[in-house]
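Student: I have a model open on my screen and I'd like to learn how to read it. Can you walk me through the ligand site and then the domains?

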Amino acid sequence: MASYKVVVTGRILPSALEVISRRCAVQRWEEATSIPRELLYEWVKDADGLFTTGDVRVDDELLAHAPKLRVISQASVGYDNVDIDACTRRGIPFGNTPGVLVDATADLAFGLVLCAARRIFEGAAQVRNGAWKNGYDIPYGVDLFGKTLGIVGMGSIGAAVAKRAQASGMRVIYHNRRKRSDDAVLGTTYSEFDALLESSDFVLVLAPLTNESRGMFGKEQFARMKPTAYFVNVARGAVVDTDALYEALKTKQIAYAALDVTDPEPLPGDHPLLTLGNVLITPHIGSATHETRHRMALLAAENLMAGLDGKPLPACVNGSVNYRG
Ligand code: DGY
């Protein structure tokens, strides 16, 4: 017999659903659109657990409709859709999935650096369109070797990208809220933000979206970058002022952008960014490998079940209200 009621607000991998369904009655939103707010309020009224997706806002108002809630779990490392303080005030632990997606996301981040630098996307499109006529009229890129990669937001994914970049002969500098204590081991150098923008050939954004980082790349920041700079964002679209990025690319204030995340997201097919030749956009696939998404799903299911049972979540964002063993 099911011992708990769990609301799942969107897509969930079958492996996670199976773990949860063994002991829980699951009420799941299965449409491709976001669950209507009023319906969600109705569903969470008697829910013990909530399994969220990034497009659902978890705030005080939602929590007020869920008096029985013991745990919230989300299969992502980012949680900018969640008011963590509101969860903490109500004693509800929130679980996410750090660690398990580090290498997949680092691969994608460095893959975008490489694709942008060598114009792989444009070259492939030229061949596919039947426009490859000779060995001269082909897209030329730039070397990675000897160039400076400036990483903004240097956590474990940044450290994993640094290794990949160094293997290609790049120098890695970074800006972070705190200077890391393992620079000597990583071979990385801390930089002030403006100095990083001015001296990097490639600027890679990995910073989480917070009140402080929202819009941190705007007109002024693009103006500081080299005209030959490549801008790569694998974090969250709203860290960037999209209009300012569009202008910087259109006027060639910077050379190129490769974006795995956008604001808005998904980016509409008629968005002005898509009219530019110097931008490459992928559909938020940083962690999207079969193996990694499977690990994320299982960790999210473990977080959920632990919270329902009043046990410590293996990965808890608000540790002060995590259950004790
Ligand atoms: C994450 O885990 O935060 C990735 O961006 C996927 O949403």
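Tutor: Let's start with a term: a polar contact is a pair of N or O atoms within 3.5 Å. Keep in mind that this is a predicted model. With that cut-off in hand, look at H284: one of its polar side-chain atoms sits 2.8 Å from an oxygen atom of the ligand, so the pair counts as a polar contact.

Student: Which other residues place a polar side-chain atom or a backbone N or O atom by an oxygen atom of the ligand?

Tutor: R236 does, with a polar side-chain atom 2.8 Å from a ligand oxygen. V77 uses its backbone instead: an N or O atom there lies 2.7 Å from an oxygen atom of the ligand.

Student: How much of the ligand's accessible area does the protein cover?

Tutor: On its own the ligand has 230 Å² of accessible area, and the protein covers 81% of that.

Student: Which residues are around the ligand?

Tutor: You'll find S76, V77, G78, L101, R236, H284, S287 and M296 there. Sorted by class, that shell has three nonpolar, four polar and one charged residues.

Student: Now the domains. Where do they run along the protein chain?

Tutor: Domain 1 comes in two stretches, 4–99 and 290–321, while domain 2 covers 102–281. Taken over C-alpha atoms, their centres are 32 Å apart.

Student: How many salt bridges cross the interface of domain 1 and domain 2?

Tutor: One. D80 pairs with R236 in a salt bridge, their closest N and O atoms being 2.8 Å apart.

Conventions:
Residues numbered from 1 in each chain as written. Predicted model: local features only at pLDDT ≥ 70, side-chain atom pairs only at ≥ 80, totals over all residues. Heavy atoms only, no water. Near = heavy atom within 4 Å. Polar contact = N/O pair within 3.5 Å; in protein donor to acceptor, adjacent residues only side chain to side chain. Areas by Shrake-Rupley, 256 points an atom, 1.4 Å probe, with all protein chains shown as cover. Nonpolar A, V, L, I, M, F, W, Y, C, P; charged D, E, K, R; others polar. Domains from an automatic or database assignment. Salt bridge = Lys/Arg side-chain N within 4 Å of Asp/Glu carboxyl O.
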